[in-house]
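Subject: Structure for you to look at

Hello,

Here is the structure I promised to hand over. Please open it and keep it in view while you read my notes below.

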Amino acid sequence: MTSEKSRPLMIVEDDLALQKQIKWSLDRFETVTASDRETALLQLRKSLPAVVTMDLGLPPDADAVSEGFRLLEQIMAFDPDIKVIVLTGQNDQANALRAVAMGAYDFFAKPFEPELLNLTVERAFRLFELQAENRRLRALHQPDALAGLTTRDPQMMRICRTIEKVAASNATVMLLGESGTGKEVLARGLHQASPRRGEKFVAINCAAIPENLLESELFGYEKGAFTGAAKTTLGKIETANGGTLMLDEIGDLPFQLQAKLLRFLQERTIERVGGRQEIAVDVRIVCATHQDLMALAKENRFREDLYYRLAEIVVNIPPLRDRVGDSALLAHAFARRFAQEQNRASLTLSEDAVKAIEQHPWPGNIRELENCIKRAVIMADGNQITREDVGLQAASDALDTSLDLRVIRDNAEKTAILAALGRVNGNVLKAAELLGVSRPTLYDLMHRLGLK
């Protein structure tokens, strides 16, 4: 089976005759062997086995099980998805059950039936491969609730999963990130993933409304509350009743209004401007800001008690420049969208434009990128959007090697070798063991990478 050859089976057995017998009975699998815990750990790092068969009685005390359990613990810590099959004595069921409780896949009593062991190992391989495929598919899956978010960056995917986890609760969520990073997209995704999805999502920008109008915008007002108040008007909080309210740029909320918002968060009731009646409101609060609220609190510009009320769940959104591959991915998506709007469906980004986009820092984040591509689509003359159309500097040759796998691999190997040598105070033998390679191999790598 080709799938069985992708990652090997490791046999850990100190009795060399029995080790040979197990290897012979499992000859259709690619195998590596070890006779003690230290050798097993080296093989673990070097061969990355999918399945391990192991005896609990290992040297230096083969009659005890302490070394075996220590090795099992280390295997599970290294990769909990590895399937460990423990081989025990006939009257050793207690240790077998303990091993399963620690994460072992199965156990066999000696002497074992080769056919049954073969079947168990095959099932272990199949389960390992199935779980690996499921993880791969999950990594590719874009959460439905966050379908409006285009990303392949691991950080952003983790944030998507966090949003999905907290969506079912009523916890107040604080979204922190630079302007243009997609805070409102995430807030809408949170609402769509929550039980409140059938109700309203209401957003208000606290920085965009004059201070003297913001209170009535948030809390509403009664008829006659002030000059021009010709009728009772609901505020944004009351309008969002049953749904989600997003308070964008919460750091710009006037200080005197912060106390009133805090009271609402504590009591879940509001009073309209000019009113005396307390009105109960059930609303999920999501707030967002690009400011450091704790720094504002130290300057007495933001209430610390309000911060802790708002920060039940804090999500830090990375800027576009820190999202691996997202600038090019988003650029292609924006180009397709705007090209269709302009009836220029054949318009695409050229290679030099994509390289320039990848290397631009995008201080304005996604909003800046979106505007840039929209302008380029309008201005492009041919069927391709060039670097000149997007208005960015040419990609330098030095940076153009960023996706060269050989360079990436060499840099990663150099970093790992230097870290290993530093950890063992320059001892090459110990460094080789730490890296899971032989000493001659390490010397060859050091020579090739220019490390002395």
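Start with two helices. Helix α18 passes α20 in a left-handed crossing. Keep in mind that this is a predicted model.

Which residues make the contact between α18 and α20? On the α18 side they are Asp 410, Glu 413, Lys 414, Ile 417 and Leu 421. On the α20 side they are Leu 442, Leu 445, Met 446, Arg 448 and Leu 449. By type, the residues of this contact divide into 6 nonpolar and 4 charged, with no polar ones.

Now the geometry. Two packed helices are described by the angle between their axes and the distance between the axes. Helix α18 covers residues 405-423, and helix α20 covers residues 439-449. Their axes come within 11 Å and cross at roughly 120°.

Look at one pair in detail. Strand β4 spans residues 83-88 and runs parallel to β5. The two are joined by 4 bridges. Take Ile 85: its bridge partner in β5 is Asp 106.

Last, a helix on the sheet.

Best wishes

Technical notes:
Residues are numbered from 1 along each chain as its sequence is written. This is a predicted model: local features need pLDDT of at least 70, side-chain atom pairs count only at pLDDT 80 or more; totals for chains, interfaces and linings use all residues. Side-chain values use heavy atoms; hydrogens and water are left out. Axes are lines fitted to C-alpha atoms, for helices over the stretch in contact, and angles run from 0 to 180 degrees between N-to-C directions. A crossing is left-handed if the near helix is turned anticlockwise from the far one by less than a right angle, and right-handed if clockwise. Contact means heavy atoms within 4.5 Å. Ala, Val, Leu, Ile, Met, Phe, Trp, Tyr, Cys and Pro count as nonpolar, Asp, Glu, Lys and Arg as charged, and the others, Gly among them, as polar. Two strands pair if DSSP finds at least two bridges between them.
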